[in-house]
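The following questions and answers examine a predicted model.

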Amino acid sequence: MKMKWLRNILGKLEPEFKNGGRLEKLAPIFEATDTILFSTDERTESGPHIRDSVDIKRVMILVVISLIPCYIFGAINVGYQKSLTYGLSTSWIDNLATGFIAILPIIAVTFISGAFWELLFGVVRKHPISEGFLVTCALIPLTLPPSIPLWQVAVATSFGIVIGKEIFGGVGMNIFNPALMARAFLYFTYPADISGDKVWALAPDGYSGPTALSIPAGKINENAINLLDRASSELIFDFSWINMFMGWIPGSIGETNKWLILIGALFLTYIGITSWRIMLGSVVGMTIMALITNVLAPYSSNTMLTIPPHYHLVMGSFMFGTVFMATEPVTASHTDIGRWIYGILIGMLTVIIRSINPAYPEGIMLAVLLMNAFSPLIDYFVVQKNIKNRLARYAQ
Amino acid sequence: MKKIIIKKGHDLKIKGSPENQISSPITVDKVALSPNVFRGIKPKLIVNEGDTVNLGSPLFYDKLKPDVKWASPACGTVTSIEYGQRRVIKKIEIAIEEDKVDSFDVLSDSQFNSANREAILDYILNANLFPLIRQRPFNKVANPTDLPRDIFISGYNTAPLSVDIPTIIEDNRESFQVGLNALNKLTDGKVYLTSKNHMEFDNVVNQMISGPHPAGNVGIQIHHIKPLKPGQIIWTVNAQHVLTIGRLFQKGFYDPRIKVSIGGSGATNPQVVDTIFGANVKSLLKNQDLEESHRIVSGDILTGVKVETDDYLGFYDTSLSLINDNVKRPFLGMLSIGSSSTKYSLTNTFFSSRSGNFDFTTSQNGELRAMVPINSWEKVLPMDILPNPLYRAILAQDIEEMEQLGIWECDDEDFALCSFACPSKINVGSVIREGLSLLEREG
């Protein structure tokens, strides 16, 4: 594609944004636009004179691309759940259209508010516009219920970008995953709109659309699978394992379809930008902890303890959080051994939070945020081990 | 001894590799030495503009170690001495005229065998060839008053577009052996010669090693064979320079011949040439059609320096690369699918196979960003060093932590592939060099 005319326009505009130009202050915005449209022609100054073709733009855009299937299925499922609660039978294309109309405003509000803060901080603090906000903004809508008020989306995105990222100095410096910060903010500030049974499907007023996790949560002396089976026969939703894996259940927009998340995980691992150690570690940790709770279940009245590992896997956001949230490279551990520990602890913590505290049935959000805080400590121990080994070698 | 197999790293496949290792001689009319490129010395000139010098006579010396002098690689007239800012000596140019040499008495076999360390060291110092020996840590000209723990010579080259070291060693076995014998006298430890296949030489420990680049780097080899501990000093000598030292003892004078590879996509005739130390770039590129815009790099493409046609080959450099400097700006390049001819990445973020020889450009392929740790550095650093914490410790100027994390064993050339692979376009090698300088200044 020859886009010479556009290149010429940008070329003409460039001096205005350079040192001494009239729009010098807006340079980061011009630079971002210019380099997103046309790859940079920046050259190496010294050795190595040649560089790998990959850059942060490419890394970030591929993460966004890996989320697109979740968006498409999410839209179909939102439409499907809506028609289910209205008692309609609609084709998947109708569902897609309905769902698309429902989630498009959420996506638009997220990106507009995200871009606003990113550009503002870029200009004020004179740092380049970071492509990382694209990923943050692509993740946020997927973690939200389709019924979320748009103003809350804007507030949460602003919180995630500003408090979660920019005050630390931008991408690469942040301590907590900004997308999860946004969701946690909503969770604690406006719990009525992001928890309970009423929000997960675009249902008629008063209609209840529980998530798989909220069914056993808080119940006493029951078996979780029995409860899910009973819910499936009493309600219009199907909470069988396979249906939860396929994703035709109420829930946040992007979390329900597990096999698309799995494909996303394989894709990100294949292209080599995400740590499979974290993902696998999280599943291993979840399995170990779930087996422990299963063993303890007979001694407790807590129904959540009876959920077997393979059900934990497909209930709630466990997989979405494991694949797309826990693996965020900046806030995760930076060493390979650290990544294993970090992942395993996230999996274990998720089950613990889900089981022990029924007020927060979605455990992975808090588990990842908590481990974000601890990842530097994990790395510290890994680094100390490396140092110790070296000192031992020096002593020989 | 067990062969060391290195797994991490990558052999870059670059267009224009000199396949045919048979060298052809090139006549050179000018040579030069650049005192300002040697780390940690205070150069003081011995010659003035207009002086005539013999092959091997000293051009300058190091005020900090006055015994260490640099030999003229040719006989002729000093045509110009170029100064840079703060009067650093950038270049001493010599127009080659006659072939008068400074020569010394050749030691007989019995003299050589009974010679002690002092005698051999003085011979090399007097011939003004001591700067051929470098030291670790800091990768700088060695200090003749140090007694090195060991001496390392890499007979295994993995750097892209380089000359084939084993061929050169095999073709000059005798001189190489003499060089090894001399070096063996300079240390109480061992002389290690690394190679991919077994090499039969006396007075040397042959360690077989294999793996992708940077396995051929002497720093990586030291790390795997016998790591450098703080306070220790190891000397390293380039295999071609072992020949130079060997010939000095064989002939009694400085033989400045050296083989240099000329490659890269801009080289119309990739080849190995027979030339001399400090040869001028224009002469070296005689057989190439320089049409398009190309960057000329003296030294390895990963660690070398940018030069122009009227510049000279670096003192330690044995290759000259021509890289495409014509950087295009594709529309929506970040969304491109990519192909083996347009993209080369150690990640699988493009549909490119890294199989064919790639026409690299000097493009940085992206803008500088904060570090996003996706293990790109770790995958190409075959050392038990955590690059990311080390990088942070250097930025924080925390010398104690840098030492704990193993900076004594590091050199920027070993981190060049990390910089190549980094998606954030961070020049890891130059940060390592900053850390080493800090350590040297204050440690």
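Two strands are taken to pair if DSSP finds at least two bridges between them.

Q: In which sense do strand 12 and strand 13 of chain B pair?
A: Strand 12 (residues 151-154) and strand 13 of chain B are joined over four bridges. Within this pairing, B:Ile153 has B:Leu193 as its bridge partner. The sense of the pairing is parallel.

Q: Which residue of strand 14 of chain B is the bridge partner of B:Ser195?
A: Strand 13 of chain B also runs parallel to strand 14 (residues 205-210) of chain B, with four bridges between them. In strand 14 of chain B, the partner of B:Ser195 is B:Met208.

Q: Are the faces of strand 13 of chain B covered or uncovered?
A: In a regular strand the side chains alternate between the two faces of the sheet. On one side of strand 13 of chain B, B:Val191, B:Leu193 and B:Ser195 are buried, and on the other B:Tyr192 and B:Thr194 are buried.

Q: Which strands stand at the edges of the open sheet of six strands in chain B?
A: This sheet has mixed pairing and the order 2-17-16-20-18-19.

Q: Which element of chain B gives the most residues to the side that touches chain A?
A: In the contact between the chains, 55 residues of chain B meet 49 residues of chain A. Elements giving two or more residues to the chain B side include strand 18 (294-298) and helix 11 (428-442). The most, four residues, come from helix 10 of chain B.

Technical notes
Residues are numbered from 1 along each chain as its sequence is written. Chains are lettered from A and ligands numbered from 1 in the order in which they are written. This is a predicted model: local features need pLDDT of at least 70, side-chain atom pairs count only at pLDDT 80 or more; totals for chains, interfaces and linings use all residues. Two residues are in contact if their C-beta atoms, placed from the backbone, lie within 7 Å. A residue is buried if 20 or more other C-beta atoms lie within 10 Å of its own, exposed if 12 or fewer, and partly exposed in between; C-beta atoms are placed from the backbone.
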